[in-house]
Amino acid sequence: MATLTRSQAEELLFREALLIDTRRYDEWLAMFTPDIEFWMPAWRNETETTTDPDRELSLIYYKGRRNLEDRVMRLTSGLSTASSPPPRVVHVISNVLLTAGDADTAEVSAVFTCHRFDVRMNRTECFFGRYEYALRRESEAWLIVRKKIVLLNDVIPTVVDITSI
Amino acid sequence: MSIDTAAYVDDRPDEGIFRVNRAIFTDEQVFEAEMARIFEGGWVFLGLEAQAPAPHDFFTTFAGRVPILVQRDGEGQLRAFVNSCPHKGARLAQTQSGNARLHVCPYHSWSFDSAGRSKAVKWQKAGCYSAAFDQQDHGLAAVPCFENYRGFLFGSLSADVPSLADYLGEAAKLLDLVADQSEEGAELVPGQVTFTYQANWKLQLENCSDAYHFTSAHPSYIRVLERRQQETSGEVVASVWENSDYWKEETQGVGGGSYSFPNGHVLNWGVFGITPAIPLYESAAVLAERHGEGKRDWMFNMRNLTIFPNLQVAENASSQLRVIRPIGPGLTEMRTWCIAPKGESDAARRQRIRQYEDFFNPTGMATPDDTVSYENCQIGYAGRVDPWLQGYARGMTASVEGGNRFSDRIGLTPARSVLADSQLCDETLYHAYYRAWAERMGGAE
C-alpha cells in the first residue's frame, strides 16, 4: 500500500480542525485510536518543555481516548461554568510536513494558531505552537495514534481547554 | 496610605455579624495599600529551598511588585536580594532559575558574586567617581528578612516584622505535614504552570478554603468522577475523589472542618482515609512508624492550607503548591507546581502527576470553573446597591476557640476551629484572612 501523502496529511489535519471548531466532537473523537496518546507538555524553563510525562508535569496528558471522551462530556454537559457559553474558536494549520512513514504508519509535523473569542468576557486570545502527529492505517482510514501539542505561549489566560490548542 | 478598615470589614462578633465590602476587591487605593503593607511590608513566601539545591543555584520570584533573586552561594548559604542592579535598576537575573557564580547586569556590566557582593563596576578607575561613590557598597540590596522554615523560604521587605517562627506560629505544624512525608523533604515536580485570571487575589485566597463551592462549581468534574467510578479501566485517570465520599452531599457525620490561626493562616480539611488512591499510600506504614499514627493520618487527610498572604498548599486530588501574585485589583497571576515528597516510587509519582493535571491545571477539568467564577465575582462587585457580601456567615455558631480532638492528635493549637459534616461548609475561616488583613492595613505606617 502507498504511504501517506502530504496532501492526505493536510486533509486529515484540516478536517480535525474543522471538527473542533464546529464542535462536532463525536466525529473528532472518531479520528483517534482507542490507545491515543494526547499530550501537551508543560515548560520546564524558558527554553525546554518537559519530556517525560511520568516524571514531569504536562499541561495535558492522556493515554487512551476514553479520557478525551470525559473531556468532551464535561465540555458539552452544560455543567461547567468555564465551558458555557462555549468560546468561538478557529484553528489555522500550516507548515504540514511528513517526517517519517511507511505503508501503515506516518509521522507529521505542523504548526497552528488558534484564535479564541471568549464571548463570556468579550476577549480575544491567540494560542500558537507546534503539532507532532503519529498516524496509523486502520483498514482504509488513517487514525491519530499520538498527538503532541507544544503550546508556545503557555501563560494561560484563565482557561485553555482541548478546543483551543 | 491609611485605610479605614471598618469601611471594608464589618466585624462584630458579639452581634454575630461578619461582612466584607465588595470594594475590598476592586478599589485601587486598597490594592496599593495591600502591596505596600502586606506584600512588600511583611512576610511572603518566596519559594522552596529545593528550587536552588546546588552551590550557585538561583531562582527568581516576586514580593508584591518587587523582583526577588534567591541565590545560593559557593558555600551553600541561601540569601535573598532585590533582583535589580544598584546602578540603573535593571532586572539582573533574567530567568526563572539557573546557576550563576556571577551575575553580570546586561545593561552596563556591573557584576555580583553569588553572595550578592559587588565584583566589579565596569571601568571604575577610569570613571572619575567621587570618593563618596567609591566608599559606597555596590552590592545587591539584601531582602531585610529572609528565613528558611524546613525548606520553605520566606522573605520580608520590611525589617519590622516578628521572627518567621512567630509569624507562622502553630501553622508551621501544617507545613511539617508536607515536609515530613519524606525524610528528604519535598520537591517540585519539573514543569511549572502559570495562569492569570481577571479578578482580585483574595478570591484565590478564599476559594482554597471554600468547601461550599465544590458541588456547585464542579458538577461537570463530579459527573466525570461518577462515570469513572462505574466503569473503571486501566486507562482512565484514577482520582482520590472517586474513592472518597468526602465531597458527597449525603455523607453523614464529621467529615472535616477548619482551623484558623493568628496572622491569617487557615486550614480547610477533610477525612480521606488511608486509601491507595493517594500516592502517599506506599509510605503509610513507614510514616506511621516514623511520626506516629496521628500525624500519619493527618498526612492522608485532604488539606488546603493558606499561609497568608501568598502561599497555598493544596493536598486533595493531588498536591499543589501555589504562589499568588497580585498584579492589579482585577488581575492576578498564579504560579503553580506539583509538590511531592522526594524519593517516592515511579508509580506513585506518575499517579500524583496524572491526578494533578486533571484537577489543578488551568488546562484541566476543575480549576477553570473556579477561576471563571472569580471573574464572575469581580464583575458582580460593581454592584453596590448593598455593598456588603453575605459569604462569611456559615459556621458562625459552630466556630469555637482553640482546637478539637483532631488537632489534638498532632498537638496542634489553632486559634479557632470548626468541626463540620459535609453540608456545614464553614465560612468563618475567612474571618482569619480579613482580621489579619485589617490588622496589617489599619495600623500606623
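What percentage of the 445 residues in chain B is buried? Buried residues make up 59% of them, where buried is under 20% relative accessible area, exposed over 50% and partly exposed in between, with a 1.4 Å probe and protein chains only.

1. Basis. This is a predicted model, in which local features need pLDDT of at least 70, side-chain atom pairs count only at pLDDT 80 or more, and totals for chains, interfaces and linings use all residues. Residues are numbered from 1 along each chain as its sequence is written, chains are lettered from A and ligands numbered from 1 in the order in which they are written, and side-chain values use heavy atoms, with hydrogens and water left out.

2. Sheet of chain A. Six strands form an open sheet with mixed pairing, in the order β2-β1-β6-β5-β4-β3. Strands are DSSP runs of E with at least two residues, helices runs of H or I with at least four, numbered from the N terminus; two strands pair if DSSP finds at least two bridges between them. Because β2 (58-63) and β3 (88-101) of chain A are at the edges with a single partner strand each, one side of each has no neighbour in the sheet.

3. A strand pair. In chain A, β5 (residues 123-138) and β6 (residues 141-151) pair in the antiparallel sense over 10 bridges. A:Leu135 lies opposite A:Ile144 in β6(A).

4. Chain B. The chain has 13 helices and 23 strands. Its C-alpha atoms fill a box of roughly 80 × 55 × 40 Å along the principal axes. Of contacts (heavy atoms within 4.5 Å) with a separation of 6 or more in chain B, 65% join residues 24 or more positions apart.
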